[in-house]
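Visitor: I have a structure to go through. Can we take it a piece at a time?

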Amino acid sequence: MERDKFKVLNSINNPGDLRKLDVEMLPQVCKELREDILYELSTNPGHLASSLGVVELTVALHYVYNTPYDRIVWDVGHQAYGHKILTGRRDVFCTNRKLHGLRPFPFPAESEYDTFVCGHASNSISAALGMAVAAEKKKENRHVVAVIGDGAMSGGLAFEGINNVSSTPNNILIILNDNNMSIDRSVGGMKQYLLELNTGETYNNVRYKIAKWMSRRGFMNEGRRNGIIRLNNAIKSAISHQQNVFEGMNIRYFGPFDGNNVTDLVRILKQLKEMKGPKLLHIHTVKGKGYAPAEKSATIWHAPGKFDMETGKRLTGSNENVPPKFQEVFGHTLLELAKMNDKIVGVTPAMPSGCSMNILMKEMPDRAFDVGIAEGHAVTFSAGMAKDGLQPFCNIYSAFAQRAYDNIIHDVAIMNLPVVICLDRAGLVGEDGPTHHGAFDLAYLRPIPNLTISSPMDEKELRRLMYTAQLPDKGCFVIRYPRGRGVLVDWHCELEEIKVGTGRKMKDGNDTAVLSIGPIGNDVTKAISEIEAENPGKTVAHYDMRFLKPIDNDILHEVGKKFKHIITIEDGVRNGGLGSAVTEWLQDNGYDTRVTRMGLPDKFIEHGTVGEEHKIAGIDIDNIKKEIKDIL
C-alpha cells in the first residue's frame, strides 16, 4: 500500500494540525488512520483490534482537547496506536515494539502526549484524579480525561478510583469505552450492568442544554451544583425505577452513545468539556471496527501476528514438528488432571485463551472461572474454594500477579491453602516490554512462608509439577514458566510425582558447576556442550534446581564440597532469586564457595525479541559461555 493515498493523514504531524481541519473532514481522517494501522500491523505485529475500535474516539479527543497541555490518560495501553500515530510518531511507527524503537504502550519518556505508563489495566481513573487535583492545586486550567476500556472496569483499582472521584473535588471526565471485551469477552456483573444500562440520548441532550443555561446564570457553583445533581438523579431514578451506580455516587453519567461516530463524539465532548464536576461518558465501540475479520473474531485479532491485509489470512507459518507453547501444555494437562481429580477447578483473570484455560472451559465449563481483570480477586476467590475442599489452579501472567501479592500472603499463605498458582509469561517476554516482563516473581515470592516455588526446565517437567501440585497436603504450590514455545516436540509423558525440594543433576563435571532454574537450563546445556568442545579435558557440571523453595540441600552440599566457584543463572532478577538463595545457604552452612550470580540486572529491560533481551540482560548463551570460561 502506498502511503501517498492518505491525503488527509499525511497533512497531520501533530494534534495541532488535526484541529485545523473542519469537523466534516474527521470521518476521512478516521478512515485513513484505520487503514494506516492495518497497513503497519500487517507486517509489524502488535495489538490490532483494540486500536481499531477507538479510532473515532482518538481523533475526537485530540480534536476537542488541547493536548498535550490537556491530559488524556489511556487505559489499557494497547488501545493507543492511533494516538501514537497522531502525536508525531507516524514516521517511526514501523519501529513499534522493536528493539530501540517505539515502546509498545504509552510512556511519558517517549512523548509529552503520553501522560502515564499503562501497560496493565484499571489505573487510569486513579492517575487522572491525581493529575486533576495537581492542576487544581497549581491553579492550572487543565482538562483531564481518563479513557478506560477493554474490560479494565472490572479491575478493583478502577472501583477504588471511582469511589475517590465521587468524594474529591475535581472536574475529570471518565470515558468508559464499552466494547464488551478485554482480550477475551468480558465477564461479570459490571459487564452485564453496562449491557443493560440505558439512558436516552434525548434526555441527555435536554440535560446538556439545561446545564449550560443554569451555568450561565450562576446556578452551577459547587454548593448548588451538588444539590441540582442529587435532585436530577432522584427524579431520573424515580422515572426509570432504577439507580445508576455512577450517578448514585454523584458522578454525572452521559450515555451510552455510539463511540464509532466521530462527529457525534466531537459534539458531545465539546458539550462536556466545560461542565464542572466529575463526569462519566459511556460509549459503545466495536473492537476491530472497520476490518471485517477483526470484528468477527476480536479475540483472535487482539494481537494476530503478521497477516495479509487484503485476504485477512494470518501468516502464522507451519506448526508441524515444532514444540508447543508452554501454555498449551498447561491447558491440556489441566484438563487431563481435572478428569482424574474432580476437586480441580481453574481460575483466570480475563486470559482464558492467553493461558489456554479455554481448553478446560470448553470441555468442563462448570469447572473453570474467568473472573475478569481482577488478579487479587482471582487469588482470594481461589483461596475460598480451597478452604472448602476444592483444588484451584489459578493461572495469572507473572507481571500481573504482582497486583495480587497481598492476596497471596494474607489469603493463601497464612492458612497454607492448597492453591496452585501458575505464573505464565515468567521471565522476559519480548516485544511487550517492561510492563509485561515476569521479572520479579522468584524474588518477591521467596520470602513468603508456606510456599513451594518451582519452575520446569521443559514441558514434561511442567506436567509432572502440575501433577505433584494437586496431590494431598502440598499446600500452596507455585509453578512458573515462560511465554512461547518449549523445547520438546514429543511432550507427552506419564504423570508422576516429583519429590518437593529436589533438583536434578543433568551432567557431572569436575572443574565448575552451573545451577539453573527453569527453561534457561536448556541454554546452559548448549553452552556447556560448546565450552567442553572448545576446551578438551575441562568438564562442567550442571544442576537443574527445579525448586527455589524448598531448595535442594543435597545438591548444595555436593557443590559446596566439590567446587570453589560456581555459577547460578535464572530468568528473573538477580537480586533476591536463585543466586541469592544459593549464596545465603552456602554462607549459612559454612562453605566458602564463590558464587557468580547471573540474572536480570537492577534495571528495567526494554522491549525487543526475547533473544535480544537475554543479550541485554547478559543471560544469553554467549554470556553463559563467557562466565564459564572466566572460571576455567
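Visitor: Which residue forms a salt bridge with D508?
Guide: K505 does, with the closest N and O atoms 3.9 Å apart. A salt bridge here is a side-chain nitrogen of Lys or Arg within 4 Å of a carboxyl oxygen of Asp or Glu. This is a predicted model, where local features need pLDDT of at least 70, side-chain atom pairs count only at pLDDT 80 or more, and totals for chains, interfaces and linings use all residues. Residues are numbered from 1 along each chain as its sequence is written, and side-chain values use heavy atoms, with hydrogens and water left out.

Visitor: Is K505 buried or partly exposed?
Guide: K505 is partly exposed, at a relative accessible area of 41%. Buried means under 20% relative accessible area, exposed over 50%, and partly exposed in between (1.4 Å probe, protein chains only). D508 is also partly exposed, at 43%.

Visitor: How many salt bridges does the rule give?
Guide: The count is 31.

Visitor: And what does R480 pair with?
Guide: R480 meets D441 in a salt bridge, 2.5 Å from N to O. R480 is in strand β11 and D441 in helix α18, 39 residues apart. Both R480 and D441 are buried. Helices (H or I, at least four residues) and strands (E, at least two) are DSSP runs, numbered from the N terminus.

Visitor: Where does R504 lie, and where is E461?
Guide: R504 lies in strand β12 and E461 in helix α19, so their pair ties together parts 43 residues apart in sequence. The N to O distance in that salt bridge is 3.8 Å. E461 is buried, at 2% relative accessibility.
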